[in-house]
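Please open the model in your viewer and keep a selection panel at hand. The stops below go from the whole chain to single residues.

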Amino acid sequence: MRLFAIDLDGTLLHSTHLISERNVSAIKRCQKNGDIVVIATGRAAFDAAHLLRLHQLDCPIISSNGAEIRAEREGTTIRNNTYVSSDESEAILNCLLKQDVYLQIYLEDEILMTYDATDRLMKQIKEEQRTYPPFRADEFLQSVQPQLTQYGVREVTDFSDVDLAKVMKFMIVSPKAAVLKRIENDLSSRNCTVTSSSPFNLEVTASGSDKGMTLQQFAERLGIPLTATVAIGDHHNDLPMFRVAGTSIAMGNAEDAVKRQATEETGHHDDDGVAMALETFCSIQVGQKGVQDGKYY
């Protein structure tokens, strides 16, 4: 039995933000043969679960870069959240509000953003095009599409009523690399984890909360040795699980820095690279009793 941890955007999802039939089939085959497939994503759990339902997939979910886990094991529901402390949330929020960036706040059951966030982002895109002609707005919008269209977003006037003790993740988007770098530097002294899932975003969670730590905890709970875990991803927020998994597989579309830290490489996400990897590493003993009998999430 193996435990496969698979990222969503840039990995399992095509550029259309859908899961191909080949990828769906490969996951179901692994499950049928007794392996466990867990989705490990920066998306919120309810957003990831919505995507899985659209494709008739049933998998445990590690979400918000490890701050959430949703699963069912032998009739027992596993549901755990890791929150940024209220003091840190307040300091982080104040820092971000000074930078005038597109901001989303991830709570357990919803994602909050302000009514004017998208309009301000579009103005920033136009300004970046004016001041920096090489900037490609189409590439930027394709990269941040998951944040602009995800499931479970609620618009608010401002963030004054947010319960800062219940924040699992801050998502920051900007077309300006210098702004993101400045935020990353400003938060380096805070007690939090800062990573990214595209060149145009930053994701902030509680200190020590990442995909690797949660994957390790989940494997231990299932009694699966880390040598039998396989992590598949494409960006920097996947590197923590690359470091703990027995096998780490970088997508063909991953940056070279990510590929260098992987033990294997597979195809591009638009060429069903996940299916290629699963077809290579998935157990093939047909008839083995599956362990994913329960309903996940």
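Predicted model: local features only at pLDDT ≥ 70, side-chain atom pairs only at ≥ 80, totals over all residues.

**The whole chain**

Switch to a cartoon view, in which the secondary structure of the protein chain comes to eleven helices and 14 strands. The radius of gyration is 19 Å, close to the 19 Å that the globule rule gives for 297 residues, so the chain is as compact as a globular protein of that length. Along the principal axes, the C-alpha atoms fill a box of roughly 60 × 40 × 35 Å. Among contacts with a separation of 6 or more, 65% are between residues 24 or more positions apart.

**The largest nonpolar core**

In soluble globular proteins, nonpolar side chains tend to be buried together. Select Phe 4, Ile 6, Leu 12, Ile 27, Ile 232 and Leu 278, which have the most contacts inside the largest nonpolar core, a set of 29 residues. At least two residues of this core come from each of strand E1 (3–6), helix H1 (8–12), helix H2 (21–32), strand E2 (36–40), helix H3, strand E12 (229–233) and helix H11 (273–281). Which element gives the most to this core? That is H11, with five residues.

Stay with H11 and show the side chains of Val 274, Ala 275, Ala 277, Leu 278 and Phe 281, which are buried together with Gly 273. The buried residues of H11 pack against E1, H1, H2 and E12, and also against strand E13 (247–250) and strand E14 (264–265).

Next, centre on Ile 27, which, leaving aside its neighbours within four places in sequence, is in contact with Ile 6, Leu 12, Val 37, Leu 57, Cys 59 and Leu 278. A second, separate core has 25 residues, and selecting Ile 105, Leu 112, Phe 170 and Ile 172 will show some of its members.

Select Ile 62, which is found in strand E3 and is buried, with a relative accessible area of 0%. Beyond its neighbours within four places in sequence, Ile 62 is in contact with residues including Val 38, Ile 39, Ala 40, Ile 69 and Leu 215. For a sense of distance, draw a line from Ile 62 to Asp 100: the two are 38 residues apart in sequence and 30 Å apart in space, C-alpha to C-alpha.

Gln 56, in the loop between helix H3 (45–54) and strand E3 (61–63), has a phi near 55°, a positive value in a residue other than glycine. Ser 64, in the loop between E3 and strand E4 (68–73), likewise is not a glycine and has a positive phi of about 50°.

**Last stop: Ser 209**

Finally, select Ser 209, in the loop between strand E11 (201–206) and helix H8 (211–222). Ser 209 is buried because its relative accessible area of 3% falls under the 20% cut-off. Its contacts, apart from neighbours within four places in sequence, are with Asn 65, Gly 66, Ala 67, Thr 82 and Thr 193.

Notes
Residues numbered from 1 in each chain as written. Heavy atoms only, no water. Helix = DSSP H or I, 4+ residues; strand = E, 2+ residues; numbered from the N terminus. Rg over C-alpha atoms; globule rule 2.2 N^0.38 Å. Contact = heavy atoms within 4.5 Å. Core = buried A, V, L, I, M, F, W, Y, C linked by side-chain atoms within 4.5 Å. Buried < 20%, exposed > 50% of the residue type's maximum accessible area, 1.4 Å probe, protein only.
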